[in-house]
Each structure stands twice: as C-alpha cells, then as structure tokens.
Amino acid sequence: MKLSHRERLQTCLRGEQPDRAPVALWRHFPVDDQLPESLATAAINFQRAYDFDLVKVTPASSFCLKDWGVEDQWKGHTEGTRQYTKHAINDPSDWENLRVLDPSAPHLAGQLTCLRLMRAELGPDVPMLQTIFGPLAQAKNLIGGQTLLAHLRLYPEAVMRGLETITETTRRFVEASLETGIDGIFYAIQHAQADLLSLDEYKMFGVPFDQRVLEPSRGAWCNMLHLHGHDVYFDLVSEFEFQIVNWHDREGSPSLAEAQKKFKGAVCGGLRQDTLVYEDQAKVRKEAVDALQQTKSQRFILSTGCVVPVIASHGNLMAARQSVEP
C-alpha cells in the first residue's frame, strides 16, 4: 500500500519498514528568499517538481538577524547563500547591547508569514520543517566567523551575555513557528566541529543555549538535527532529543551504518553535494543504492549532508528522487 508523505516518514521514525525509504532534498532560493511570499512560492514549486517526503524551509541565514541590523547581499555563491556586508557586533561591548526580539519583529514575522502560506498550500500530508540556526551560528553572522572565535576566547563573559539574548529571541521564534502548523524544526549547529572549537568549548558556549532554544520543540514529532561541517562531534546527539540527524556523512565520519549504532532515531544523508553537481545520474543512483544498503532502508532518509547547490542539475535531482522507488 502506498503511503502518504506523512505516513511514510512516521513509519520510518517508528523504526518500521515503510513502502519505500523517504527522500528529501532542500536548497536556498536566492533573491526569492528576500520576501516571504516569493520564498513560499519558490519552495512550493520545488516541492511540486520533486514530490519529496518532507519540506525543509530554507530562508537566507540573515532572516533571524536583520532585525538586529545586519545586512547581506546575493553575490552568486553556488550554495545560494548570501554574503554579509554589515555586522551588528563591532566591539565586545556590543554583545551586551543586543535586545531580545519578539517574533513580531519585521523579518521574523515575515518568515512566520512564509510558513503559514506554505502550510496552507501544501496541506497537512507534507511534513514541513523550519530552519533554526543555533545561537553560536547566529553569533557568527552577527560579527563574522573568525572574529567570533577570538571574542569567545578573549571576552567570554560579553559573548555569553549576547548568547543569552540570542537564545531567548530564538526560543520565542521556535514557539511561534510551531504555532503556524509546521511539524518540527531543522536545527543547524555549525560550531560542533574540531577545526573550530574543542568539545569542551562547545559544551560551554553551545550546548546549554541549544538546549534552551529547543525546549518549545520537544512536543513536535519531526525535529532534525543538522551537524554542519567536517570532523563533527557526532556524539553530541546524546545531549538532545531529535528524531532525525543529518550531517556530511560522505565527507567525514561516522558513516550512515556507524551512526545507526549510536543514534536510535533516523539518519539522513547518503548523497555527496559534489555528486549532485559534478557527476552524472548513474553516480547519483550508485551513492543512493549504497546508502540504502548501509541502512537496509530502515531508519533512513535519503538526502545530502547540507543544502543542494543551486547549480545542481534537474536530472541529478530527479535521479536522487527516483532512486528510492521500488
């Protein structure tokens, strides 16, 4: 019996065998992501073209920061990300001057509008996740990547106060997002990797704030943790309660099979971003088949370790989508 997207994903998350493995790819929509209505339209059209088993809503990373005064610009990055041109933190004292934002702030409210539009159009059978960036990831874009690391080590108390403000703002936004009818959140952690912070540093500056941000999402049935980067601290999954974990499994460890021994939920990945861009459809299908074999098609969602680059071909995306069909 053919299952709906929601039924298929719920069967997968229960650890049972669905009619086929779920599959989901997501991408940025540069330029379209500057207005809630055009982002909603672009994301809906993408879903209609490929009929994925979940929709991960991907606004520009600045959506949660513009109400603090950052500015960014689209300059053609292949992943569809925007370049920051103005930061809100320029001095250590600026961390203490951040103010908690309410979800009614213009850009946060705009993203809530996007979610409502998408929920109304896609209906209840298509699971939807809103992207939420962890407080450290937001702090990075408020000041700039390497400068954040310097501030963490030189002015830890000031940064901590800024993280408190970001955390409360984000916790409120998570709560408001779930009220739009989405099924969960896609929680992006970017600094739990060895080339940025030690594990002890992440447990100090990351984990406590992550846990507070995630409190409103505990009742949702479809939350996904995204561990961004290479050499990630995968064992941090034990610090949280997620149904799904996603990471760059093709570029680093653990493999999908190894991760399933550590994590009781569903693993999400199997396809290399570069394969979707530079290789042919046969290579896409080969990676998909390998991933299905590693996991025996159980507790597994076929995807990439991150966003699909905007230059990936339609044919390769279709090959990924069709590779899970019996």
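1. Let's start with a pair of helices in this predicted model. The axes of helix α5 (residues 135–143) and helix α6 (residues 145–154) come within 7 Å and cross at roughly 110°. That crossing angle makes α5 roughly perpendicular to α6, and the crossing is right-handed.

2. Here is who meets whom at that crossing. From α5, the residues L136, A139, K140 and I143 make contact with G145, T147, L148, H151 and L152 of α6. Sorted by class, the contact of α5 with α6 has 5 nonpolar, 3 polar and 1 charged residues.

3. Next, the salt bridges, of which the structure holds 21. One of them joins E121 to R48, with the closest N and O atoms 2.4 Å apart. Because E121 lies in helix α4 (residues 106–122) and R48 in helix α2 (residues 36–50), the pair ties together parts that are 73 residues apart in sequence. E121 counts as partly exposed, at 45% relative accessibility, while R48 counts as exposed at 52%.

4. For a local example, look at E168 and R171, whose side chains form a salt bridge at 3.0 Å, N to O. Both residues sit in helix α7 (residues 156–178), 3 residues apart, or about one turn of the helix. R171 is partly exposed, with a relative accessible area of 22%.

5. Finally, have a look at R321 and E325, which meet in a salt bridge of 2.8 Å, N to O. R321 is buried, at 8% relative accessible area, whereas E325 is partly exposed, at 37%. Both belong to one network, in which salt bridges with shared partners join R8, D19, R20, D51, D53, R321 and E325.

Methods. Residues numbered from 1 in each chain as written. Predicted model: local features only at pLDDT ≥ 70, side-chain atom pairs only at ≥ 80, totals over all residues. Heavy atoms only, no water. Axes fitted to C-alpha atoms, helices over the stretch in contact; angles between N-to-C directions. Helix = DSSP H or I, 4+ residues; strand = E, 2+ residues; numbered from the N terminus. Parallel < 35°, antiparallel > 145°, perpendicular 65-115°, else oblique. Left-handed = near helix turned anticlockwise from the far one by under 90°. Contact = heavy atoms within 4.5 Å. Nonpolar A, V, L, I, M, F, W, Y, C, P; charged D, E, K, R; others polar. Salt bridge = Lys/Arg side-chain N within 4 Å of Asp/Glu carboxyl O. Buried < 20%, exposed > 50% of the residue type's maximum accessible area, 1.4 Å probe, protein only.
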